[in-house]
Amino acid sequence: MKQYSLAIIGLGGMGNWHRELVNEGTRFHNKVILGGFDNLKVTGSFDIRECRQEFALQHGLKTYSSIEELLADPSVDIVLISTPNDVHRSYVIKALEAGKNVVCEKPVALNSGELQEMIDTSIKTGKVFAVHQNRRWDEDYLTIKNIYENKLLGDLFRIESRVHGSRGIPGDWRADPKQGGGMVLDWGVHILDQALQMVPEKVSKVYASLTYITTELVDDGFFVELTFENGLVFIVEVGTRNYINLPRWYVLGFEGTAVIEDFSRKGKIVRIMDYSKNDAIPIRTAAGLTKTMAPRTSETIKEETLPDVKADIKDFYRNFINVMEGKEKLLVSLDSVMRTMKLMEAVFKSAQKGAPIAFEH
């Protein structure tokens, strides 16, 4: 079995997450993911910060004095780019042209034109290029995807996907427009991507608005309404000044409703069991009665647990190596990454116009 060496450019939070995953193991929603691959090891890194170079040495990695030195090392098979977004394009192209296979963190680029340059270089050099769209392995997302694909609630007519925080934007690249900051590029790249991965139909309409509550430099939140050709409405929302979070997922189908509260998959399904029974007992409010909004009685609904869905993020690297060896195609196809990039561009365009726009990609 061939052994592969991976070197990291940018040993920050996500760069170190990759090091831990490959060499040691990591934790995911209080679940330990054991590290170690039979044929892959992180062997070296380069970071412009001296403290991260020292960190690398403390963890047994070879440190390079420059990107050029790292790319010139013939023992390096794979290069991971985990830097601020504005330099992804140049580093990816340099690594591919140096004969390295490349994994790039997301968002892979600042726009679709930059991404196309990377794809073209990958084709020209014959080297494998992949984007680490890691949240395609989130189990909360895969649970809703399972409900949608298997029609566990019948046909769905509305899906709401939200990520809420309360600390504003971190004071790093996320707050800098030149480095590709803002929540559309930081979190939209994940949950817009999840929407496109879940629903195979085309998006017919995009309507978006951005917020600038905590800063005027970049968007610190957004609301996007996607309308798919099959009629499904998919709401995607991010907020960074929310002290009470709405559910991570809220799903409406003709046969019931599902909710997932957070990334830990705490949630449930409530299914309608008897459509015909009129069990509406009016409820009294301070200003009168309502029969329309009266809750259902227990005889006509049933509470169920969510389907059990498991994922292994290590499949990303297993697949990448198999692609290098000509055994598989990329799980995170570059076409799908381009579609997500185009959708983010459509979000910015709709927000700028203040109106819905067509999405044809």
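At what angle do helix H4 (residues 88-97) and H5 pack, and how far apart are their axes? They pack at an angle of about 5°, with the axes 9 Å apart, where axes are lines fitted to C-alpha atoms, for helices over the stretch in contact, and angles run from 0 to 180 degrees between N-to-C directions.

The structure is a predicted model, in which local features need pLDDT of at least 70 and side-chain atom pairs count only at pLDDT 80 or more, while totals for chains, interfaces and linings use all residues. Residues are numbered from 1 along each chain as its sequence is written, and side-chain values use heavy atoms, with hydrogens and water left out.

**Overall form**

The chain holds nine helices and 18 strands; helices (H or I, at least four residues) and strands (E, at least two) are DSSP runs, numbered from the N terminus. Its C-alpha trace spans about 75 × 45 × 35 Å along the principal axes. The radius of gyration is 23 Å, which agrees with the value near 21 Å that a compact globule of 361 residues would have; this radius is taken over C-alpha atoms, and the globule rule is 2.2 Å times the number of residues to the power 0.38.

**The two sheets**

Strands of a sheet pair through backbone hydrogen bonds, either parallel or antiparallel. Here two strands pair if DSSP finds at least two bridges between them.

S10 pairs with strand S11 (residues 221-228) in the antiparallel sense over eight bridges, and Val206 stands opposite Leu226 in S11.

**Helix against helix**

| Helix pair | Axis distance | Angle |
|---|---|---|
| H4 and H5 | 9 Å | about 5° |
| H5 and H9 | within 9 Å | roughly 165° |

H4 and H5 are therefore roughly parallel to each other, whereas H5 is roughly antiparallel to H9; angles under 35 degrees count as roughly parallel, over 145 as roughly antiparallel, 65 to 115 as roughly perpendicular and the rest as oblique.

Contact means heavy atoms within 4.5 Å. H5 meets H9 through Ser112, Leu115, Gln116 and Ile119 of H5 and a set of H9 residues including Val337, Met341 and Glu345. By class, this contact of H5 with H9 has six nonpolar, two polar and two charged residues, whereas the contact of H4 with H5 divides into four nonpolar, four polar and five charged. In this scheme Ala, Val, Leu, Ile, Met, Phe, Trp, Tyr, Cys and Pro count as nonpolar, Asp, Glu, Lys and Arg as charged, and the others, Gly among them, as polar.
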